[in-house]
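Please walk me through this model in the viewer, one selection at a time. Tell me what to pick and what is found there.

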Amino acid sequence: MFKNYIKTAWRNLLKGKVFNGLNILGLAVAIASSALLLLTVHFQFSYDKFHKNIDNIYQLYFSTNREGVVEKTGSMPVPVTPAIKAEYPEIKNISRLEGGVTTVAYGDKELEESINFVDQDFFKIFTIPVAAGSKTPLVSQNELVITKYVAKALFNNADPVGKMVRMKFGEGYKSFIVSSVIEDFPENSSINADGFIRFENTPGYQQNLKVWDNRNHSVFLSLTDNADPAVFESKLGKFVKAHFKEDLNNLKRDGAKPVANGDLMSLNLASFKDNHFNTEVGGVEGYAVNKTSIIGLLVIAIFILIIACINFINLAVARSFTRAREVGVRKTLGAGKWDLLSQFWTETIMVCLIALAIGIALASVILPYFNANFKSTIKLGMLFHPAQLLTLIGLFLLITVIAGFYPALLMMRYKTVQVLKGSVSTAKPGKVRNILLVVQFSIATLLTICTLITRQQINYVRNKPLGFNKSEVLSIPIDHGLNGAQALQLFRNQVAGEKQIVGVTGAYRNLGLGNDGSTFTSITGFNYKGHEIRSHIYSVSYDYLKTLDIKLLDGREFSKDFASDSNAVLVNQKMASLLQVNKPVGTMVPYDDKHPKKVIGVFADYNFRSLHDKIEPLTLVMDKEFPINYVFVRVRPNSLSASYDFIKEKWHQTFPNADFNASWLEQNTEKQYRNEQRLANIFNSASIIAIFISCIGLLAMSVMVILQRTKEIGIRKVLGASVSRIVLLVSSEFITLVIVAAIIAMPIAWWLMDQWLQNFAYRVSIQWWVFALATLLAVIIAALTISVQAIRAAIANPVKSIKSE
Amino acid sequence: MLTLKNISKYYQVGGSKNFVLNNIDLDVEEGEFVSIMGPSGSGKSTLLNIIGMLDQPSEGYHYFMGEGVHLLKEKQRTALYKQYIGFVFQAYHLIDELTVYENIETPLIYQNIKGGERKALVADILDRFNIVGKKDLFPSQLSGGQQQLVGIARALISKPRLILADEPTGNLNSKQGEEIMELFRKLNQEDNVTIIQVTHNEKNAEYGSRIINLLDGKIESIKNI
Ligand SMILES: Nc1ncnc2c1ncn2[C@@H]1O[C@H](COP(=O)(O)OP(=O)(O)O)[C@@H](O)[C@H]1O
Ligand SMILES: [Mg+2]
């Protein structure tokens with residue numbers, strides 16, 4: 001029986017080559033794209049799950065609220081770990097973790113490796129299988145743990161355990177003995193390093209032992225079996241109050257808001273199982289990704305599958321009209337319901353299997369581009385792990401059931417007698433088919449509108465003037481080892497008088513997101529004329545406005561010629577307007593109770609934060625309290641890259657041991673929107689795929705409908721209808737559906753995009769023409785798809801088509 | 001073998017009933033060869049389809065092999081039908097995607113007959129109908145007469161006791177038609193298969209032992225030969 005089914009199925013496939021080819025192509029594209037998306041989603045959700053204790057691993061982080069948003073950072077000072085371990089018996093294991101890159105030498109081999117500094121508990125908290133050597137590594141301070149990969153690179157095939165290597169620290173070398181070799185970290189591990197040594201080896205460890213305000217590493221811990229993490233967390237308030245008095249005072253100075261229980265700063269636990277999605281806490285291990293965008297991928301994958309299934313169903317239904325007679329005949333030969341259902345299911349499975357094979361082949365071709373474009377590291381082999389395989393098979397069967405049974409059931413509803421008489425009206429479009437087509441094109445139009453609007457917004461934020469010169473200014477993060485103010489002075493002297501340099505200055509904070517990836521914010525609050533003023537505040541060096549090309553509206557900017565400038569401020573227009581005086585320049589403003597500061601200049605508002613946020617009141621100071629973290633250099637507009645090289649050379653001359661991590665401000669500001677950029681790319685690809693698959697469906701459908709109406713078209717032609725009339729006759733029904741779909745998609749797209757645009761203080765307004773354009777696009781593509789077939793039918797010789805009945 | 005009592009079939013057109021069959025009473029004994037005649041639209045096909053359980057009457061009683069068909073569920077009807085009835089159509093209704101051999105084999109598949117046995121049965125009938133050489137051809141490669149021959153072979157493969165043929169020679173020339181009629185007669189006389197055929201052709205009708213004339217859904221006359 002089965003053989004018979006397969007035989008018929010195969011012959012049927014061959015018979016409708018074009019039709020089935022299209023069907024398979026559409027399905028294959030959907031399978032390829034959704035397989036990649038689903039793998040990505042799965043991969044992202046699989047992060048760190050290989051740790052056996054994953055549910056009992058936490059990272060410590062501080063919460064503060066300086067500017068209305070709670071800021072969370074995982075950076076900890078050195079003494080926290082011993083102190084907290086001593087004070088809280090709930091802690092079972094605790095380990096510090098600091099990253100670093102060091103030269104590891106063995107014999108005449110020297111390799112740059114990323115070596116993490118950790119405590120002994122680290123290997124108890126995390127599941128890191130030891131391949132050779134001690135199972136309880138890092139007992140002594142000169143032990144080194146390396147991965148298999150590094151072991152191979154350093155020692156080739158020799159036994160690494162017990163070997164002595166030298167590692168460079170500062171100027172000199174220290175010796176370490178390889179005590180264990182661990183398995184390489186899997187791709188889905190947030191923690192990743194080439195080797196581990198004891199935390200005590202961190203440079204400056206001894207000096208930092210008692211320093212509570214230098215935060216430079218993360219802390220992981222696990223709790224005893226009966227400890228409740230929430231209860232433990234609530235007890236940490238006491239710890240903060242006892243050890244962080246100075247931070248609390250600074251927060252008060254900066255006008256911070258309380259975060260929990262009225263405290264200005266709290267110490268919290270972040271569950272490590274959410275580590276990979278933890279975009280809120282700064283300084284988590286690995287590269288955290290936004291969970292919403294991953295779920296977005298999932299939704300898009302499902303959308304694409306839905307579109308493909310709809311295609312499949314519609315095509316099967318369209319074809320079922322031509323196969324109704326076969327069903328009728330088989331019934332008269334004694335076929336029961338299940339015989340017929342399983343026959344059609346077999347056919348569906350065959351088509352799906354072919355599509356699956358092509359889809360996976362396609363996916364493997366696209367994979368490298370996909371990985372490159374979406375910063376992914378998935379492999380197709382991941383499809384064949386038991387869990388994925390089961391999901392895949394389940395999904396596959398589900399799709400074949402939906403797509404195979406529905407048309408089969410539909411066919412079996414026909415009255416045998418009528419089918420055999422040939423009187424089933426085959427041109428009947430069917431409500432279900434129309435609804436499915438509308439759903440399909442709604443999704444496609446929805447994605448198109450989203451693509452258009454995200455692109456618009458990204459172009460808008462890219463091109464909006466920000467109030468400072470972003471194309472000719474280079475920002476250079478100052479290495480942590482250097483004193484910022486001194487470094488700035490040194491560099492100024494170094495490049496003084498150089499022709500291509502327009503200005504050099506420095507500041508506490510960067511503009512945009514620099515190559516160091518750090519952001520600094522500080523807000524001050526004070527009472528002024530009976531009300532509270534809150535202002536962003538940061539320190540700059542002189543020539544700041546000139547170097548960055550920020551417009552000075554009144555007064556002057558900081559100058560080295562005025563010693564008193566350390567007690568003066570510059571304010572932006574927003575801040576000036578809050579001062580409620582006619583001429584703000586010269587006004588004394590009580591930033592702190594004892595020392596009011598004098599306004600010496602007012603400058604035009606500029607976007608010192610991303611366009612997600614409105615411009616707020618801003619005060620610039622030249623205060624020793626704020627370090628200088630960035631140097632800004634403005635160059636002449638011609639030959640930017642030559643200037644870059646020149647500045648780089650000068651930088652290395654000035655600071656031989658420091659990194660040169662410079663970037664143009666334009667790059668910095670663009671980096672602020674990379675999430676949005678990625679989202680736009682995803683929408684873009686998804687909408688193209690959605691439209692493509694939908695159009696394949698439409699094409700096949702039009703082939704079918706025209707086939708069914710060949711005779712009618714022939715008769716109309718004989719009666720004198722023009723080609724264009726006939727094309728219109730055939731297309732109009734589909735075009736109407738596409739327009740209906742677009743109309744349904746509009747409010748959904750509007751709502752979604754409005755929601756998304758709320759993330760930006762500066763945003764494009766959603767314009768009607770975007771919807772019109774998307775609709776037009778859908779209609780044109782649909783019309784083109786259909787008319788190819790319609791025109792062919794319309795110009796065919798009518799005599800032939802009439803006779804063919 | 002079968003009894004129809006007060007069988008009526010009507011379609012609701014507007015407010016009124018449009019009778020296609022009106023109060024038909026009919027008995028057919030095992031081994032009979034019945035021809036049904038009548039003008040186009042008189043209800044011949046409808047009557048045949050009701051007898052063959054492809055269609056259901058609007059009213060009346062239908063007994064087949066001692067069972068009340070009007071009382072049976074769809075599944076039971078299919079089972080009864082599978083066991084006893086073979087259909088031959090004017091338009092042959094072969095399955096285009098299957099070869100001659102596979103077309104003939106299909107009813108056996110639906111009766112869950114084992115592969116080996118199927119082979120023997122199909123080989124047998126191919127032989128009997130003299131179409132062994134055509135077994136791997138597809139219907140489109142055959143002439144109309146050959147297609148109808150295959151259609152009859154397919155109807156006979158499951159050894160039905162009753163063959164229902166709706167204008168089996170309608171699409172054939174007279175020589176081909178005569179061959180088919182001869183075949184029917186042989187089946188009727190040698191194998192004792194009951195045959196009910198619809199035909200427009202007087203000469204073909206006379207192969208039967210009884211001719212029933214339909215007019216406007218009623219039996220107008222019955223002629224025994
Ligand atoms: N679904 C239907 N609705 C209304 N009338 C129908 C339907 N099917 C068949 N008929 C009518 O039933 C009558 C008998 O049809 P049929 O049995 O095929 O006649 P015959 O085979 O004798 O030519 C015809 O007049 C036809 O119009
Ligand atoms: Mg008829």
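**The largest cavity**

Begin with five helices of chain A: H1, H2 (17–45), H10 (291–332), H11 (337–373) and H12 (386–413), each of which gives at least two residues to the lining of the largest cavity. Keep in mind that this is a predicted model. H10(A) provides the largest share of that lining, with 6 residues. The largest cavity holds about 260 Å³ of space. To centre the view, select A:Ala316, A:Arg319, A:Arg323, A:Phe344 and A:Glu347, the closest to the cavity centre of the 21 residues that line it. Over the whole structure, a search finds 6 cavities of 30 Å³ or more.

**Helix H1**

Next, select residues 2–15 of chain A, which make up helix H1. These 14 residues should span 20 Å at 1.5 Å a residue, and the end C-alpha atoms are 20 Å apart, so the two values agree. Now colour A:Asn4, A:Tyr5, A:Thr8, A:Ala9, A:Asn12 and A:Leu13, which are buried residues of H1(A). They lie on the same side of H1(A), because they cover an arc of only 165° around the axis.

**Aromatic rings**

Show the side chains of A:Phe122, A:Phe123, A:Phe126, A:Phe185, A:Phe196, A:Phe220 and A:Phe272; ring pairs link them into a cluster. Within the cluster, zoom in on A:Phe122 and A:Phe126. How are the planes of A:Phe122 and A:Phe126 arranged? The pair is tilted, with 50° between the planes and 4.9 Å centre to centre. A:Phe122 has 0% relative accessibility and therefore counts as buried. A:Phe126 has 2% and so counts as buried too. Over all chains, the structure holds 36 aromatic pairs.

**Charges over rings**

Two further selections pair a charged side chain with a ring.

- Select A:Lys163 and A:Phe155: the lysine lies over the face of the ring, at 6.0 Å from the ring centre.
- Select A:Arg166 and A:Tyr173: the charged end of the arginine sits over the tyrosine ring, 5.3 Å from its centre.

**The whole chain**

Finally, zoom out to chain A. In the cartoon view, its secondary structure comes to 24 helices and 25 strands. The C-alpha atoms fill a box of roughly 105 × 75 × 55 Å along the principal axes. What percentage of the 805 residues in chain A is buried? Buried residues make up 53% of them.

Conventions: Residues numbered from 1 in each chain as written. Chains lettered and ligands numbered in written order. Predicted model: local features only at pLDDT ≥ 70, side-chain atom pairs only at ≥ 80, totals over all residues. Heavy atoms only, no water. Phe/Tyr/Trp six-rings, centres within 6.5 Å; stacked < 30°, edge-to-face > 60°. Buried < 20%, exposed > 50% of the residue type's maximum accessible area, 1.4 Å probe, protein only. Lys NZ or Arg CZ within 6 Å of the ring centre and 35° of its normal. Helix = DSSP H or I, 4+ residues; strand = E, 2+ residues; numbered from the N terminus. Expected span 1.5 Å × (residues − 1). Arc of directions from axis to C-beta. 1 Å grid on protein atoms, 1.4 Å probe; cavity = no way out; pocket = protein on both sides within 12 Å on 5 of 7 lines; lining within 4 Å. Points joined across faces, edges and corners; volume = space filled by probe spheres on them.
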